[in-house]
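These are my notebook entries on one protein model.

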Amino acid sequence: MTSYQIIDEPRPGLLSRLAVNPLWPLLGFILGGVFFSWIWAVFNSFALGSPTRVRESVVVILGAVGYFALFFLMLILVNSGLVEGLSHHYTRILLVAVALLPSYYLFQRQSTAFELYEYFGGKTINALPLLILGLGYLAGGKLQVAVINTVMNGVAQWIH
């Protein structure tokens with residue numbers, strides 16, 4: 001006899017003991033940067049067993065592509081002098097604003113799965129978010145700089 005399962009019911013797996021409230025990866029965006037937050041959100045999606053985890057992973061991939069497309073467009077505009085008075089500080093604000101959209105989307109998607117996960121008896125951890133936020137603050141910015149530099153070096157090889 002098979003048991004009835006709700007379509008939206010999370011299906012937690014081996015990682016479920018590391019599941020956290022989706023608010024923590026969103027706050028990780030503030031302290032650790034976009035890539036730290038997105039990696040954590042995708043991990044949390046799989047830990048929660050979110051029914052939309054594939055869609056959330058696609059959103060992260062599209063968000064990264066959009067982030068770098070906007071990054072290089074702004075870099076070209078600033079360096080070519082086509083836009084007078086636009087500095088790198090303003091482009092960074094625009095990048096943060098654009099990166100916040102997928103981050104908030106991930107938060108919204110995971111909130112539903114998280115509530116169902118808790119309703120069906122799933123346990124979450126509370127100490128790990130503080131530890132990860134601390135690591136995100138210390139290492140997240142370095143991760144973001146490393147990713148951007150790696151992509152820029154890779155693109156520079158194609159240009160020259």
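**Entry 1: α2 against α3.** I began with the axes of α2 and α3, which come within 9 Å and cross at roughly 170°. Helices are DSSP runs of H or I with at least four residues, strands are runs of E with at least two, and both are numbered from the N terminus. Axes are lines fitted to C-alpha atoms, for helices over the stretch in contact, with angles from 0 to 180 degrees between N-to-C directions. The angle makes α2 roughly antiparallel to α3; the classes are roughly parallel under 35 degrees, roughly antiparallel over 145, roughly perpendicular from 65 to 115, and oblique for the rest. I noted the crossing of α2 and α3 as left-handed, a term for a near helix turned anticlockwise from the far one by less than a right angle, with right-handed for clockwise.

From α2, the contact with α3 is made by Val34, Phe35, Trp38, Val42, Ser45 and Phe46. From α3, I listed Arg53, Glu56, Ser57, Val60, Gly63, Ala64, Tyr67 and Phe68. Contact here requires heavy atoms within 4.5 Å. By class, this contact has 9 nonpolar, 3 polar and 2 charged residues. Nonpolar covers Ala, Val, Leu, Ile, Met, Phe, Trp, Tyr, Cys and Pro; charged covers Asp, Glu, Lys and Arg; the others, Gly among them, are polar.

**Entry 2: basis of the values.** The model is predicted: local features need pLDDT of at least 70, side-chain atom pairs count only at pLDDT 80 or more, and totals for chains, interfaces and linings use all residues. Residues are numbered from 1 along each chain as its sequence is written, and side-chain values use heavy atoms, with hydrogens and water left out.

**Entry 3: α1 against α2.** I next took helix α1 (residues 23-32), whose axis comes within 7 Å of that of α2 and crosses at roughly 165°. The two helices are therefore roughly antiparallel to each other, and α1 passes α2 in a right-handed crossing. On the α1 side I found Trp24, Pro25, Leu26, Gly28, Phe29 and Gly32 in the contact. Val34, Phe36, Ser37, Trp40, Ala41 and Asn44 make it from α2. The classes are 8 nonpolar, 4 polar and no charged residues.

**Entry 4: the nonpolar cores.** Which residues touch the most other members of the largest nonpolar core? Of its 18 residues, they are Val34 and Tyr67. A nonpolar core is a set of buried Ala, Val, Leu, Ile, Met, Phe, Trp, Tyr and Cys residues joined through side-chain atoms within 4.5 Å. Buried means under 20% relative accessible area, exposed over 50%, and partly exposed in between (1.4 Å probe, protein chains only). At least two residues of this core come from each of α2 (34-48), α3 (53-80) and α4 (88-119). With 8 residues, α3 gives the most. I also recorded a second, separate core of 5 residues, including Ala19, Ala47, Leu48 and Phe114.

Setting aside neighbours within four places in sequence, Val34 is in contact with Phe29, Tyr67, Ala99 and Gln144.

Entry 5: Ser37, in helix α2, is buried at 2% relative accessible area. Beyond four places in sequence, Ser37 is in contact with Pro25, Leu26, Gly28, Phe29 and Ser103. Ser103 belongs to helix α4 and is buried at 5%. With the same exclusion of neighbours within four places, Ser103 is in contact with Leu26, Phe29, Ser37 and Trp38.

Asn44, also placed in helix α2, is buried with a relative accessible area of 0%. I found its contacts, beyond four places in sequence, to be Leu18, Ala19, Val20, Asn21, Pro22, Pro25 and Gln110. Asn44 and Gln110 are 66 residues apart along the chain, and their C-alpha atoms are separated by 8.4 Å.

**Entry 6: Tyr105.** Residues up to four places away aside, Tyr105 touches Arg55 and Val59. Tyr105 and Val60 are 45 residues apart in sequence, with 9.9 Å between their C-alpha atoms.

**Entry 7: the whole chain.** The protein has 5 helices and 0 strands, in the pattern α-α-α-α-α along the sequence. Of its 160 residues, 37% are buried. Among contacts with a separation of 6 or more, 79% join residues 24 or more positions apart.
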